[in-house]
Amino acid sequence: MNDESYIKLTLELAKKGIGSVSPNPLVGAVIIKNDRIIGAGYHEKFGSNHAEINAILNAKESIEDSTLVVNLEPCSHHGKTPPCADRIIESKIKKVVIGSVDPNPLVAGNGIKKLKEAGIEVVQNVLNNECIELNKFFFKFISKGLPYVTLKIAQTIDSKIADKKYNSKWITSAESRTFVHNLRTEYDAVLIGSNTVKEDNPSLTVRHVEGRNPKRIILDTNLSLSTKYQIFNSTNIGEVILLTSKESKNKVKKLKKFAQLGVKVIFCKTNNDGKILLKSALKKIAKENIISVMVEGGSKVFSSFIAEKLFDELIVFVGPKLIGEGICSISDIGIKSIKRPHKLHLKDVQMIGGDAMLNYRV
């Protein structure tokens with residue numbers, strides 16, 4: 001096996017940490033000696049050993065003069081755990097192969113520098129793009145101070161997310177819904193608007209698959225929702241966060257009811273039209289160590305994120321149905337001419353249970 005093959009293996013190991021390590025990155029590591037893998041590990045849980053340390057601890061024999069392969073640069077600073085670079089040097093590993101440089105300013109090449117200064121051979125940027133893709137949430141969070149935002153839309157062929165009476169069950173197949181539940185386990189939070197709560201009364205939990213429940217975020221500018229909806233009565237399943245305007249601080253009785261249910265309320269700035277400033281809201285979400293958000297509706301929420309260019313990815317599930325009149329998935333996004341559209345790049349197309357899933361990147 002060559003360096004690329006070993007990096008691919010570290011990526012597969014790293015994926016085992018999905019849903020457990022955020023806001024830390026997904027990292028896997030293997031140790032090779034005499035063309036044999038003698039140790040392997042991954043970052044299993046936030047605050048616990050990093051992948052490199054687990055690989056060292058799991059080694060079946062002496063790792064002196066071995067090669068360590070890891071998809072992300074070893075840390076060089078004291079955080080929740082001691083620096084991995086120091087442990088690698090102490091272990092007398094002779095070579096380290098790295099997939100991508102850590103964008104965290106506390107690391108950002110310092111781990112590599114420390115290893116080289118200790119006389120360790122370092123090979124870097126092996127399958128760099130693949131390594132960055134795996135940790136796209138982390139890279140966005142560290143570089144921009146904002147969570148990675150994916151818009152997930154389920155619609156008919158004629159771009160409707162519901163009929164005129166707001167009925168939307170079910171536009172897409174059971175297989176697509178299971179796929180979405182798997183997606184939810186990967187994101188720190190899912191986000192919807194207050195209208196979606198009123199019309200669908202969703203729980204936004206993971207029910208069809210095994211995995212963690214994401215935090216559930218609701219945009220409710222005027223604090224119009226009552227506490228009767230099931231999402232507010234399931235805080236034992238997962239945290240619920242309400243984003244509302246600063247003017248809502250006056251609704252003391254309602255705020256007290258939400259507090260009693262365990263709902264966290266975050267007050268946000270609004271624009272001249274009285275709408276929540278999404279970028280400001282996303283910054284507040286980031287301060288909660290939420291580094292990834294999947295936006296699941298509705299039309300006004302999708303349109304606002306697109307109009308303000310505050311999304312990174314768009315996943316559209318198209319059910320093989322036509323309903324004519326109904327609620328469009330996207331409305332006014334500020335485009336005045338076909339000559340100046342929002343351009344996206346098609347990354348992937350899949351068929352899932354008779355539906356087409358299209359994955360776009362900004």
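Predicted model: local features only at pLDDT ≥ 70, side-chain atom pairs only at ≥ 80, totals over all residues.
Student: How many disulfides does the model have?
Tutor: A disulfide needs two cysteine sulfur atoms within 2.5 Å. For C75 the closest cysteine sulfur is in C84, and at 3.7 Å it is too far for a bond. By this rule the count of disulfides is zero.

Student: Is C75 buried or exposed?
Tutor: A residue is buried when its relative accessible area is under 20%. C75 has 7% relative accessibility, so C75 is buried.

Student: Is C268 buried or exposed?
Tutor: The cut-off for buried is again under 20%. The relative accessible area of C268 is 1%, so C268 is buried.

Student: Where is T172 found, and which residues does T172 touch?
Tutor: T172 lies in the loop between β7 (160-162) and α7 (174-186). Its relative accessibility of 11% counts as buried. Leaving aside residues up to four places away in sequence, T172 touches A154, R177, F317, G319 and D355.

Student: Which strands do the buried residues of α7 pack against?
Tutor: The buried residues in α7 are S176, R177, V180, H181, L183, R184 and T185. R177 is also one of the residues that T172 touches. The buried residues of α7 pack against β6 (148-155), β8 (189-193), β12 (292-297), β13 (313-318), β15 (345-352) and β16 (355-361).

Technical notes. Residues numbered from 1 in each chain as written. Heavy atoms only, no water. Buried < 20%, exposed > 50% of the residue type's maximum accessible area, 1.4 Å probe, protein only. Helix = DSSP H or I, 4+ residues; strand = E, 2+ residues; numbered from the N terminus. Contact = heavy atoms within 4.5 Å.
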